[in-house]
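Keep the sequence and the 3D view side by side while reading.

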Amino acid sequence: MSPVQMFSEGGPFMYVLLVLGLLNLGVVVVQIGGARYLELRPLMWGMLVAVAATGGLGSVVGMMQAFRAAAVAAPEVKQTLMAHGLSIALTTMAFAFLICAAQAALIGIAGSIRATVIAPGGEDA
């Protein structure tokens, strides 16, 4: 399965995750560019939590849809339907984890850059 197909099958939550990830990337760029004047790491961590929560919500909604479909399906297709439905539902969570990992790394990089620009005590290094 291609990444584009996985993204498409993940449903509308994938778009929300993509937007949140891109917004956080923009915040990281602003943090790095204005390291002397801005402290945006709390915002970045909050956005990371929002990505994780959105991924979890997308997976739960997908699982609920899979269970509803299996409840009315013929017995001979229930297992296949559930396996496919859960696979799609968990795609959202996997995408959220990838974004969270990237965001955590970027937050660390932004913090390191800020630490080298701002000396302890708030004066320039």
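This is a predicted model: local features need pLDDT of at least 70, side-chain atom pairs count only at pLDDT 80 or more; totals for chains, interfaces and linings use all residues.

The space in the largest pocket comes to about 210 Å³. Sorted by class, its lining has 8 nonpolar, 8 polar and 1 charged residues.

The next part to look at is the nonpolar core. The largest nonpolar core has 17 residues, and the members that touch the most others are M14, L17, V27, M44, V51, F95 and I99. Two or more residues of this core come from each of α2, α3 and α4. Of the elements, α4 gives the most to this core, with 6 residues.

L17 is found in helix α2. Is L17 buried or exposed? Its relative accessible area is 0%, and because buried means under 20%, L17 counts as buried. Setting aside neighbours within four places in sequence, L17 is in contact with V51, T54, G55, T92, F95, A96 and I99. The C-alpha atoms of L17 and A53 are separated by 9.8 Å, while the two residues are 36 residues apart along the chain.

I99 can be read in the same way. With neighbours within four places in sequence again left aside, I99 is in contact with L17, L18, G21 and V51. L17 and V51, both in contact with I99, are also among the core residues that touch the most other members.

Key: Residues are numbered from 1 along each chain as its sequence is written. Side-chain values use heavy atoms; hydrogens and water are left out. On a 1 Å grid over the protein atoms alone, a cavity is a set of points where a 1.4 Å probe fits but cannot get out, and a pocket is an open set with protein on both sides within 12 Å along at least five of seven lines; lining residues have an atom within 4 Å of a point. Grid points are joined across faces, edges and corners, and a volume is the space filled by probe spheres set on the points. Ala, Val, Leu, Ile, Met, Phe, Trp, Tyr, Cys and Pro count as nonpolar, Asp, Glu, Lys and Arg as charged, and the others, Gly among them, as polar. A nonpolar core is a set of buried Ala, Val, Leu, Ile, Met, Phe, Trp, Tyr and Cys residues joined through side-chain atoms within 4.5 Å. Buried means under 20% relative accessible area, exposed over 50%, partly exposed in between (1.4 Å probe, protein chains only). Helices (H or I, at least four residues) and strands (E, at least two) are DSSP runs, numbered from the N terminus. Contact means heavy atoms within 4.5 Å.
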